[in-house]
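Please look through the notes below with the structure open beside you. They go point by point.

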Amino acid sequence: QVQLVESGGGLAQPGGSLRLSCVASESMPADHLYEWAWYRQTPGTPRTSVAVIRRGGRSVYADAVKGRFTISRDSAENTLFLQMDNLKPEDTAVYYCRAESPGGVLPNYWGNGTQVTVSS
């Protein structure tokens, strides 16, 4: 069973930066068939997509983070990243990484989340 472990969350000031990492416990079988994403969630709201790397390498961002966040992945290190710049208080949330197999052909995986708080 593959485990995803996030790190890098914490407290940042408005306008500051954080870099989240998500490490897979082992190499993903059929790695190229997965899409890799970051989601976030605040209390009482649904988990929403922040950024995703589609199969083929195209990155897609939520409107709220376009131009401020950058998703990337080091497949050799089984690590997904989210560089978050120009942070805003509304970015405060628990951030989760996800490995998703489109169409459910393979198992999907979630990390346990890392808290990001943006406050002065």
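1. Tyr39 has a relative accessibility of 17%, so this residue counts as buried. Buried means under 20% relative accessible area, exposed means over 50%, and partly exposed is in between (1.4 Å probe, protein chains only).

2. Some ground rules. The model is predicted, so local features need pLDDT of at least 70 and side-chain atom pairs count only at pLDDT 80 or more, while totals for chains, interfaces and linings use all residues. Residues are numbered from 1 along each chain as its sequence is written, and side-chain values use heavy atoms, with hydrogens and water left out.

3. Tyr39 forms an aromatic pair with Trp110 that is edge-to-face, at 4.9 Å centre to centre and 70° between the planes. Rings of Phe, Tyr and Trp (its six-membered ring) pair if their centres lie within 6.5 Å; planes under 30 degrees apart count as stacked, over 60 as edge-to-face and the rest as tilted. Tyr39 is in strand 4 and Trp110 in strand 10, 71 residues apart. Strands here are DSSP runs (E, at least two residues), numbered from the N terminus. Trp110 has a relative accessible area of 34%, so it is partly exposed.

4. The count comes to four aromatic pairs. Another of them is Tyr34 with Tyr109, a tilted pair with 6.4 Å centre to centre and 40° between the planes. This pair links distant parts of the chain: Tyr34 is in the loop between strand 3 and strand 4, Tyr109 is in strand 10, and they are 75 residues apart. Tyr34 and Tyr109 are both buried. Together with Trp36 they form one aromatic cluster.

5. Which residues does Ser101 contact, leaving aside its neighbours within four places in sequence? They are Leu33, Tyr34, Leu106, Pro107 and Asn108, where contact means heavy atoms within 4.5 Å. Ser101 lies in the loop between strand 9 and strand 10. Its relative accessibility is 3%, so Ser101 counts as buried.

6. One disulfide is counted, where a disulfide is a pair of cysteine sulfur atoms within 2.5 Å. Cys22 is joined to Cys97, S to S 2.0 Å. Cys22 lies in strand 3 and Cys97 in strand 9, so the pair ties together parts that are 75 residues apart in sequence. The torsion about the S-S bond of Cys22 and Cys97 is about 55°, so the disulfide is right-handed. Both Cys22 and Cys97 are buried.

7. The largest nonpolar core has 28 residues, and Leu4, Trp38, Leu82, Met84 and Tyr95 have the most contacts inside it. Such a core is a set of buried Ala, Val, Leu, Ile, Met, Phe, Trp, Tyr and Cys residues joined through side-chain atoms within 4.5 Å. Strands that each supply at least two residues of this core include strand 5 (48-53), strand 7 (69-74) and strand 11 (114-118).

8. Strand 1 runs antiparallel to strand 3 (residues 18-24), joined by four bridges; two strands pair if DSSP finds at least two bridges between them. Ser7 stands opposite Ser21 in strand 3.
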